[in-house]
Amino acid sequence: MKKLYFLVGALLLAGATFAQAPQKMTYQAVVRNSSNNLVVSSPIGMRVSILQGSATGTSVYVETHTATTNSNGLATVKIGGGTVVSGTFSTIDWSTGTYFVKTETDITGGTNYTIAGTSELLSVPYALYAENAGVAGPQGPIGATGPQGPAGNDGLDGATGPMGPQGPAGVDGLDGATGPMGPQGPAGVDGLDGATGPMGPQGPTGLTGPAGPAGPVAGADTQIIFNNAGAAGASANLTWNDATSTLNVTGKTVTNNLNLASAAGSGTRYLTTDNNGDISAVAFPGITGSGNNNYHTKWTASGTLVNSMIQDNGTSASLNYPIQANSQFFVYRQQVTATGDGQSTIYGYRDRNSQNVGASYGQNGSNTGVTGMSFWGDDYSFGVGGWNYNDFSRTGGVVGGEIYGNYWGSLGYKAASTVTYGVYGSNAMGSGTGYLPSTEAIGIGGGFFGSMIGTISKGEIAGQLNSGELFASYNSGNTYTTGKNIELVKTGEASTPVYAVTSVDAKIYNNGTAELVNGEAYIAFDENYKALLGDKPVVTVTPNGDCNGVYIASVDKNGFRIKEMNNGNSTVNISWISVGNRIDNRMEEATRIVSASGFDRSIQQVLVSDSNLETTSDGIWWDGQTIRFGKIPAHLTTTKRPSTK
């Protein structure tokens, strides 16, 4: 059966609430053939139906597409942009219940649709729903007016100076009458003779943006900002006579003397009104607090500013620790034992709104909680680094595993025995180790897959240790060794080494006993032995009693016949041994390669550790015909780097 795997059900491209929403949805799927292989870079035909109510509901819209899969077998169509078969996409009322997308696919590019799949649209297509049926929410409250922008130039002899550009939310300012002021600010207006400048327009949600800081004030005049918010019927008729430092307000009561001269030079003061419109002057104390150089600030509960844990010197930043020049951002955390286990200095948490099948193990194809990318691959550079003093056991530099620790692996690990490992992995907590499990079990401690060599192991004392209750090692393929094949056979408390019989050819042996009756016997070979024989073997027979002697009368791949010499008719036991060439007794291509002069020395040069800075290991590669050693050709190691422009 052909298969269609869905990567993304439906993704709406929503426009702004005041613009025309696109009447299309992007739909993607990965296509596989009957052999479960990806259908890559091929045209496909697809029919898309929008079903209402259920997976077998009524089709409210049907269209067809012709698409081409990419190199990963991914096909992309825009629902609403195909050839319409029935219905109108723009008239679908998305608010009337659930909808399903049904796709039918022909992987040959035609209209013989043989693959079908239906999935529910789990999220309302908001942009389309808003266009057809959505209702705008209530308008937010009007925000408070922002502080005054910088003051404009004062005109000579009472003449009104030019009005500055209106700020985002500024109010009019009252300027001093003395010498010329600085350049006009973005929101200040000339307020001489009581003229009131226009206010900034209200923001779309009623919140006004902050105005720029006030420009320098000539002389020692005090800035006065009038705020009549909330004053019922408050008058805007204001007169400030700078010469006498008095303020006249028409129609309202001044609650105190408002002696502005006493506040001159003391900073900004505000005039505010109560609910009756009565006016009083209040001083604006500004933001207070203390801190150190390069520290970001934070608010306290009392409304003052103090140091936060973040430092920034313009080159590097740090959190809870002095800035470190060798890192762009440094974070320090001391574990509090009372908090319990499971603590981390930085926690990268990944979530998703629906299942997302990654495309590969690469940076742009996998999904991770934390990603480390070293763009320029200098010597000894890594995407992610993890180090540990390992002054305790059961510790490592990096750990990765299932969230509850049922299976895991570590880089740079120190075991409970204090033995150290470069790579250590375990599935022990999931299935147990040391004995054949009595229940079902899965899990592999380590898996290594290579285009040329699966794994290389070298130890200064021992190269590899294998242990297994059922069997310790299984090799699929020829096994070559430069040493002896030695088996340790238990003989009581001790073990006795026994050595494999060796030969320059691949031999197969068999032996046994039989009885010579009336001077004659036929011995048939075992079926397994016969299956392994390349041709007829050489048989040797020895009588185990008094007779005239025996000879081989005939022999083939099925067995052999023996007779007593001189036509004797003795009945006596005999023993025999048969040696034949194995059916696969031929010079393997691998045998010619590994037995070549210098092969073992080349292998040892490959096994040099990179931690030895005094020497460099040789490369090893397959050139399509044989194993090669030395400097690997550049075309096999060159990294194609994306453009940084």
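Reader: Where does I453 lie?
Author: This is a predicted model, in which local features need pLDDT of at least 70 and side-chain atom pairs count only at pLDDT 80 or more, while totals for chains, interfaces and linings use all residues. Residues are numbered from 1 along each chain as its sequence is written, and side-chain values use heavy atoms, with hydrogens and water left out. Helices (H or I, at least four residues) and strands (E, at least two) are DSSP runs, numbered from the N terminus. On that numbering, I453 belongs to the loop between α3 (428-431) and β21 (486-491).

Reader: Is I453 buried, partly exposed or exposed?
Author: Buried means under 20% relative accessible area, exposed means over 50%, and partly exposed is in between (1.4 Å probe, protein chains only). The relative accessible area of I453 is 33%, so this residue counts as partly exposed.

Reader: How much accessible area does the nonpolar patch with M452 and W622 have?
Author: A patch takes residues with over 30% relative accessible area and no salt bridge, joining like charges within 9 Å and nonpolar side chains (Val, Leu, Ile, Met, Phe, Trp, Tyr) within 5 Å. The area comes from the Shrake-Rupley method with a 1.4 Å probe, and for residues only the protein chains shown count as cover. M452, I453, I456 and W622 make up this surface patch, and together their accessible area is about 360 Å².

Reader: Thanks! How many helices and strands are in the chain, and what share of its residues is buried?
Author: The chain holds seven helices and 30 strands. Of its 645 residues, the buried share is 24%.

Reader: Which residue is the bridge partner of G409?
Author: Two strands pair if DSSP finds at least two bridges between them. Strand β19 (residues 408-414) runs antiparallel to β20, with six bridges joining the two. Within β20, the residue that partners G409 is G425.

Reader: What order do the strands have in the open sheet with β19?
Author: This sheet has three strands with antiparallel pairing. Its edge strands, each pairing on one side only, are β18 (395-401) and β20 (420-426). The order is therefore β18-β19-β20.

Reader: Which residue in the turn between β14 and β15 has a positive phi?
Author: Strands β14 (residues 295-299) and β15 (residues 305-312) run antiparallel and are joined by four bridges, one of them pairing Y295 with Q311. They form a hairpin with five residues between the strands. In that turn, a positive phi of about 90° is found at G303.

Reader: Which residue in β28 stands opposite A514?
Author: β23 pairs with strand β28 (residues 572-581) over ten bridges, in the antiparallel sense. Across from A514, the residue in β28 is I574.

Reader: How far apart in sequence are the parts tied together by R47 and E104?
Author: A salt bridge is a side-chain nitrogen of Lys or Arg within 4 Å of a carboxyl oxygen of Asp or Glu. R47 and E104 form one, with their closest N and O atoms 2.9 Å apart. R47 sits in strand β3 (residues 43-52) and E104 in strand β7 (residues 99-106), so the parts they tie together are separated in sequence by 57 residues.

Reader: Is E104 buried or exposed?
Author: R47 has a relative accessible area of 29% and is partly exposed. E104 has a relative accessibility of 14%, so this residue counts as buried.

Reader: In which helix are R592 and E589?
Author: R592 and E589 form a salt bridge, their closest N and O atoms being 2.8 Å apart. Because they are three residues apart in the helix, about one helical turn separates them; that helix, residues 589-594, is α5.
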